[in-house]
Amino acid sequence: QEQTFSMSLCVSPPEGAVIFPQDPALWMGSSLTATCTVSPERGLHANTMYWTLNGKRLPSSTYGLLSTNGLSVTLHRLNGSQQQSGDNLVCHSRDGHVLAGSCLYVGMPPEKPVNLTCWSRNTKDLSCKWTPGGRGETFIKTKYTLKYKLRWYGRERECEDYSTGQRYTCYIPRDLALFTPYEIWVEASNQLGTATSDVITLDILDVVTTDPPDNVHVSRVGELEDQLTVRWGSPPALKDFLFQAKYQIRYRLEDSTEWKLVDDVGNQTSCRLAGLREGTVYFVQVRCNPVGIYGSRKAGIWSDWSHPTAASTPHKPLQSGSCDPKPGEQNSTLRRELKQFFGWVRKHACGCSGMSIKLYDQWRVWLQKSHKTRNHVGKNNIPFISVPAQHSTQSHSPRTG
């Protein structure tokens, strides 16, 4: 961020008095001898003068009488500046009036900035951020300048918009070339020196991120109490671009802060979550990674998460106390068997694939027919195939189908 050196807290020497050196920049740990000289016409004697540093009177043991109108002070092993605008070293007359003042800038030269990264939102702009090297500002205001140029031609340019609300960030809003790599770096400078970051080379198409997916909807899957369906829209700003998108979903319980991630959604714009708690409110978010825009081979950059969307799973139906099998009991058994099958599907299908949904629904229809047949002819007349217990799902794990 561009920063200027303010002198507002420093005392300007009135006419007829001067401090030397005026506003010096000094390394931490160094020593300084400053002199205050007043014009003879003012009729002041040096032995009636005294010094202060940031308003605190300095001991007379640090003074030196140079002449009848000149007084020095010596400071040893200086610490870093306590004020961003410089420490105030002031010479006073006996009655406390200011005779002259100087700002002391005590610190270290900047170290080279690190962790320079950049991203482009929808290929329209470029934002970059970095981290100060070493101990950061080192007590003296440091000016950071982001510079960039086309790799093989073009003039060096400077980023001008540092008012993004975050420190060590700059924003380039327009006039960027596609299909051509840029060289980008950051220069840090203060009154004691300059340091330059490593140069990074990038193509705008390789660092594209986009807006979060819009129109995120979460709905129930019939009366299945352990599932929800999530649907969303692809990024509208990239609708005219040749690219593939990857999506991620995360969800959490209403009363929890822990998100669970579904990482294998792929390029689809819908997904079924399973293995959920019945009768529970869930918050769901989706984000997008635009991959391979116009043939770029670099991995894209994930967007922000969409705004949370809430939905609840159904409650299990109430069951009677009768010993006779009731529809509710049959449905409960059916759901357990469906969960077992879904565990098997999860092991043999990837992510929210359409095949896993199709298999799941076919299995549900088959089981319903099987139960009806058994209810008519008796359990012992028809063989029943159950999924081994080790393939059952955990009720708290994210499942897609």
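Trainee: What makes the pairing of the S93 and D95 side chains a polar contact?

Mentor: The distance, to begin with. This is a predicted model, and in it the side chains of S93 and D95 are joined at 2.4 Å. The cut-off for a polar contact is within 3.5 Å, so 2.4 Å qualifies.

Trainee: And why is S93 called buried or exposed?

Mentor: Its relative accessibility is 6%. Buried means under 20%, so S93 counts as buried. You'll find S93 in the loop between β8 (87-92) and β9 (98-107).

Trainee: Which residues does S93 touch, leaving out those up to four places away in sequence?

Mentor: L44, T48, Y50 and L99. Touching here takes heavy atoms within 4.5 Å. There's also a C-alpha separation to look at: S93 and A46 are 47 residues apart along the chain, and their C-alpha atoms are separated by 8.7 Å.

Trainee: Let's go to T313. What makes it buried or exposed?

Mentor: T313 has a relative accessible area of 1%.

Trainee: How do you know what the side chain of T313 reaches?

Mentor: From the distance again: the T313 side chain comes to 2.9 Å from the backbone nitrogen of G279. The limit is within 3.5 Å, so that pair passes on distance. G279 is also among the residues T313 touches, including R220, E225, L276 and Y282.

Trainee: What about K143, why is it called partly exposed?

Mentor: Because its relative accessible area is 30%. Buried needs under 20% and exposed needs over 50%, so 30% falls in between. K143 belongs to strand β12 (residues 143-150). Its C-alpha atom is separated by 6.3 Å from that of N190, 47 residues apart along the chain.

Trainee: What makes N122 and D175 worth a look?

Mentor: Their phi angles. Most residues other than glycine have a negative phi. N122 isn't a glycine, yet its phi is positive, about 60 degrees. D175 is also a residue other than glycine, with a positive phi near 60 degrees.

Trainee: How do you know which kind of peptide bond joins F20 and P21?

Mentor: Omega tells you: it's about 0 degrees, and the bond is cis. Most peptide bonds are trans. P21 is in the loop between β1 and β2 (25-27), while F20 has T35 in β3 as its bridge partner.

Trainee: Why do we say that β1 and β3 pair?

Mentor: Two strands pair if there are at least two bridges between them. β1 and β3 (residues 32-38) have 4, so they pair, and they run antiparallel.

Trainee: What makes β1 an edge strand?

Mentor: The open sheet has 4 strands in the order β1-β3-β7-β6, with antiparallel pairing. β1 (17-20) and β6 (63-67) each pair on one side only, and that puts them at the edges. Neighbouring strands of this sheet are turned by 20 degrees against each other on average, direction ignored.

Definitions and conventions: Residues numbered from 1 in each chain as written. Predicted model: local features only at pLDDT ≥ 70, side-chain atom pairs only at ≥ 80, totals over all residues. Heavy atoms only, no water. Helix = DSSP H or I, 4+ residues; strand = E, 2+ residues; numbered from the N terminus. Axes fitted to C-alpha atoms, helices over the stretch in contact; angles between N-to-C directions. Buried < 20%, exposed > 50% of the residue type's maximum accessible area, 1.4 Å probe, protein only. Polar contact = N/O pair within 3.5 Å; in protein donor to acceptor, adjacent residues only side chain to side chain.
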